[in-house]
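I opened this structure to take notes on a few places in it. I went entry by entry and wrote down what I looked up.

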Amino acid sequence: MGTRVSRNRRAAIAVLGAGLTGVATALELARRGVRVTLAEQDPRAVNRASLRNEGKIHLGLVYANDRTLATAQLQLEGALSFRSLLSRWIGPRADTLPLSTPFVYLVARDSILTVDQLEQHYAAVESLYREHVRHDPGIDYLGSRPTRLYERCPPGGVPQAFNMDHFIGGFLTQEVAIDTKALALALRDAVGESEGIDFLPEHKVLSVERANGLLRIEGTNPNGTWRIDADQVVNALWENRIAFDRMIGVNCPTGWVHRLKYRVVAQIPGKLRGGPSATMVLGPYGDVAVRADGTAYLSWYPIGLQGWTHEISPPAAWNSPCRGEIEEAKSRSLARDILGAIDARYPGMGESRPILVDAGAIVAYGKTDVDDASSALHDRTQIGVTSIEGYHSVDPGKLTTAPLFAKRAADHVCEFEAQR
Ligand SMILES: Cc1cc2nc3c(=O)[nH]c(=O)nc-3n(C[C@H](O)[C@H](O)[C@H](O)COP(=O)(O)OP(=O)(O)OC[C@H]3O[C@@H](n4cnc5c(N)ncnc54)[C@H](O)[C@@H]3O)c2cc1C
């Protein structure tokens, strides 16, 4: 189990931020025998976006408006390595993460792409997928290697669960979501069990700078202030990442946007258990991920989107919902409105009993929202690891691609160490 540190300390490698990105980077380094200090502002690891998201492991289907296929290619790469990478860090628990039912893609009447255009994209993604599995027998999508990724529903053939007044077509897909709570528990256990990780909860990072050939990190904790001088730093701070990159002189692409998005997790009525999960495309719509335990993740973008900023970091007011702390009245009204919007499209879902309402920050690039076909939000290729002189900044892009880039960050750390 990691221990609390004295106020100032020396570390070989400091990883900042204990979401999936930071935890996976730390576990990968520890596995290679590299000692890591992992600093996190919250009392526990995996308490923010990596916990409070939908958990969909994207095959690239939703990024149909990036006609270059580059976003889909990255998501596929992440999805097809997700389970095997996780198993390096959490062992057999990676094989037993509870999965949602497969997603039906429902094409909204005012979708920014037509059913035919969407099908072209899905066919192209499927070809990419086939190439991947042909060339690499070791990869899988959460433990399986389906022969097809999608099937277009014939007219009148969309599952009856949905109200087709709102949709002009549908596709059955192989995409599923994992249970993010189960993932968080497994990752926290792995950090606790790792002898190579000094985990520092409640350590908020305030600054990073170069000092005397080292990287100096300073921050606050419940006892006051703390400082670490490290040989190398991995910045896995998600919505606060860009601010620290700027502080140390690392340039990231401009044009970022931070969005605050709420979700509802609810107990669904017995009659809907085992029903299809749904993604409504392509535009500002919603998702329902139906889980095996009788709960579902529900989101409706026009209601759930409660914050949008191009500032370098989101406002402090986002902190509470991103930690799961929401006033009762707000929680009730968001749940009612989101369930209502979903119920109109997925009848019966409105009878679900909300269990929790919380939020997460989404980091991406774009000036306009997803209803604009030319918005850069349809592209998620400006992601990955940027390394300069022992400082490594990781933009994982999505949960799907976080393990891929965490492993890459660990590679960069080891390469830098070998060159020193
Ligand atoms: C509502 C929602 C739905 C989503 N759905 C999906 C989906 O279905 N599929 C998908 O692939 N992706 C999805 N995403 C995106 C996904 O959640 C993120 O890409 C991913 O979780 C980011 O992981 P992370 O470890 O970088 O960030 P986080 O999990 O947020 O970890 C960052 C950590 O850094 C800590 N931190 C930040 N600032 C400081 C500081 N100053 N000092 C110390 N610690 C600090 C935070 O407390 C946090 O623990 C969704 C996101 C949201 C919000």
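**Entry 1**

I began with Ala64, which is buried at a relative accessible area of 3%, where buried means under 20% relative accessible area, exposed over 50% and partly exposed in between, with a 1.4 Å probe and protein chains only. I note that this is a predicted model, in which local features need pLDDT of at least 70 and side-chain atom pairs count only at pLDDT 80 or more, while totals for chains, interfaces and linings use all residues. Residues are numbered from 1 along each chain as its sequence is written, and side-chain values use heavy atoms, with hydrogens and water left out.

I found Ala64 in the loop between strand E2 (36-39) and helix H2 (70-90); helices (H or I, at least four residues) and strands (E, at least two) are DSSP runs, numbered from the N terminus. Leaving aside neighbours within four places in sequence, I listed Leu113, Leu118, His121 and Leu282 as the contacts of Ala64, a contact being heavy atoms within 4.5 Å. I also looked up Gln41, 23 residues away from Ala64 along the chain, and the C-alpha atoms of the two are separated by 36 Å.

**Entry 2: backbone angles in loops**

I then looked up Glu202, which is not a glycine and yet has a positive phi of about 55°. Glu202 is in the loop between strand E6 (197-200) and E7, and it counts as partly exposed because its relative accessibility is 30%. Glu389 also has a positive phi, near 50°, and is a residue other than glycine. I placed Glu389 in the loop between strand E16 (384-388) and strand E17 (391-395), and its 56% relative accessibility means that it counts as exposed.

**Entry 3: around the ligand**

Which residues come nearest to the ligand? Of the 34 residues around it, I noted Glu40, Ser50, Lys56, Val205 and Thr400 as the nearest, where a residue is near a molecule if one of its heavy atoms lies within 4 Å of it.

I looked up polar contacts, meaning pairs of N or O atoms within 3.5 Å, where within protein one must be able to donate a hydrogen and the other to accept it, and residues adjacent in sequence count only if both atoms are side-chain atoms. An oxygen atom of the ligand is 3.1 Å from a polar backbone atom of Leu20, and an oxygen atom of the ligand is 3.2 Å from a polar backbone atom of Ala49. For Arg48, I noted a distance of 3.4 Å between an oxygen atom of the ligand and an N or O atom of the side chain. On its own the ligand has 1,000 Å² of accessible area, and the protein covers 98% of this, by the Shrake-Rupley method with a 1.4 Å probe, where for residues only the protein chains shown count as cover.

Helix H1 (20-31), strand E7 (204-211) and strand E15 (353-365) are the elements that give two or more residues to the shell, and the largest share, three residues, comes from E15.

**Entry 4: helix H1**

I turned to H1, where eleven of the twelve residues are buried, so the helix is largely enclosed by the rest of the structure. Thr25 is found in H1 and counts as buried because its relative accessibility is 0%. Apart from neighbours within four places in sequence, Thr25 is in contact with Val15, Val234, Ala406, Ala409 and Ala410.

Leu29 also has its place in H1 and is buried, with a relative accessible area of 0%. With neighbours within four places set aside, its contacts are Ile13, Val34, Val36, Ala410, Val413 and Cys414.
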